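Here is a short report for a reader meeting this structure for the first time. Look at the model, then read on.

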Amino acid sequence: MSDLQVLDIMYDTFQLAVRLTMPFLLISMVVGVLIAIFQAATQINEQTLTFVPKFLSILAVMGFLGSTILAMLQDFVRLMMSLIGS
């Protein structure tokens, strides 16, 4: 295996990691900002208030995108197994 192939695998791995985590990070950030605005407007300074809405929004994203994420992971594993086999 050449250095170029290793770099391509590393790039693909990084790109897959970004694609898999980005929906969760974005929805968590949006929910966090909305709750922070709500807390600033009402002057409620409860640190645990953000946990449940973020958790529920992440579960919702997992429900909507779970099959897509699984398909992406399966394709990547198939690619890696084909590279190992050859």
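Phenylalanine 51 and phenylalanine 55 sit four residues apart in helix H2, so about one helical turn separates them. This is a predicted model. The structure holds one aromatic pair. How are the rings of phenylalanine 51 and phenylalanine 55 arranged, and what are the distance of their centres and the angle of their planes? The centres lie 6.0 Å apart and the planes meet at 10°, so the pair is stacked. The cut-off for stacking is an angle under 30 degrees.

Is phenylalanine 51 buried or exposed? Phenylalanine 51 is exposed, at a relative accessible area of 58%. Phenylalanine 55 is partly exposed, at 44%.

Side chains of opposite charge can pair when their charged atoms come close. Aspartate 75 and arginine 78 form a salt bridge, with 3.3 Å between the closest N and O atoms. A search of the whole structure finds one such bridge. Both partners, aspartate 75 and arginine 78, belong to helix H2. They are three residues apart, about one turn of the helix. Arginine 78 counts as exposed, with 53% relative accessibility.

The table gathers the accessibility values.

| Residue | Relative accessible area | Class |
|---|---|---|
| Phenylalanine 51 | 58% | exposed |
| Phenylalanine 55 | 44% | partly exposed |
| Arginine 78 | 53% | exposed |

Now the chain as a whole. It has two helices and zero strands. The radius of gyration is 19 Å, well over the 12 Å that the globule rule gives for 86 residues, so the chain is more spread out than a compact globule. The C-alpha trace spans about 60 × 25 × 15 Å along its principal axes.

How much of the chain is buried? Buried residues make up 17% of the 86 residues. The accessible surface comes to about 6600 Å². Carbon and sulfur atoms account for 73% of that surface.

Which residues make up the largest nonpolar core? There are eight: Ile9, Leu16, Leu20, Phe24, Val61, Ile69, Phe76 and Met80. Helix H1 (3-42) and helix H2 (51-85) are the elements that each give two or more residues to this core.

Contacts can also be sorted by distance in sequence. Take the contacts between residues at least 6 apart in sequence. Of these, 67% join residues at least 24 apart.

Terms used. Residues are numbered from 1 along each chain as its sequence is written. This is a predicted model: local features need pLDDT of at least 70, side-chain atom pairs count only at pLDDT 80 or more; totals for chains, interfaces and linings use all residues. Side-chain values use heavy atoms; hydrogens and water are left out. The radius of gyration is taken over C-alpha atoms; the globule rule is 2.2 Å times the number of residues to the power 0.38. Buried means under 20% relative accessible area, exposed over 50%, partly exposed in between (1.4 Å probe, protein chains only). Contact means heavy atoms within 4.5 Å. Accessible areas come from the Shrake-Rupley method with a 1.4 Å probe; for residues, only the protein chains shown count as cover. A nonpolar core is a set of buried Ala, Val, Leu, Ile, Met, Phe, Trp, Tyr and Cys residues joined through side-chain atoms within 4.5 Å. Rings of Phe, Tyr and Trp (its six-membered ring) pair if their centres lie within 6.5 Å; planes under 30 degrees apart count as stacked, over 60 as edge-to-face and the rest as tilted. A salt bridge is a side-chain nitrogen of Lys or Arg within 4 Å of a carboxyl oxygen of Asp or Glu.
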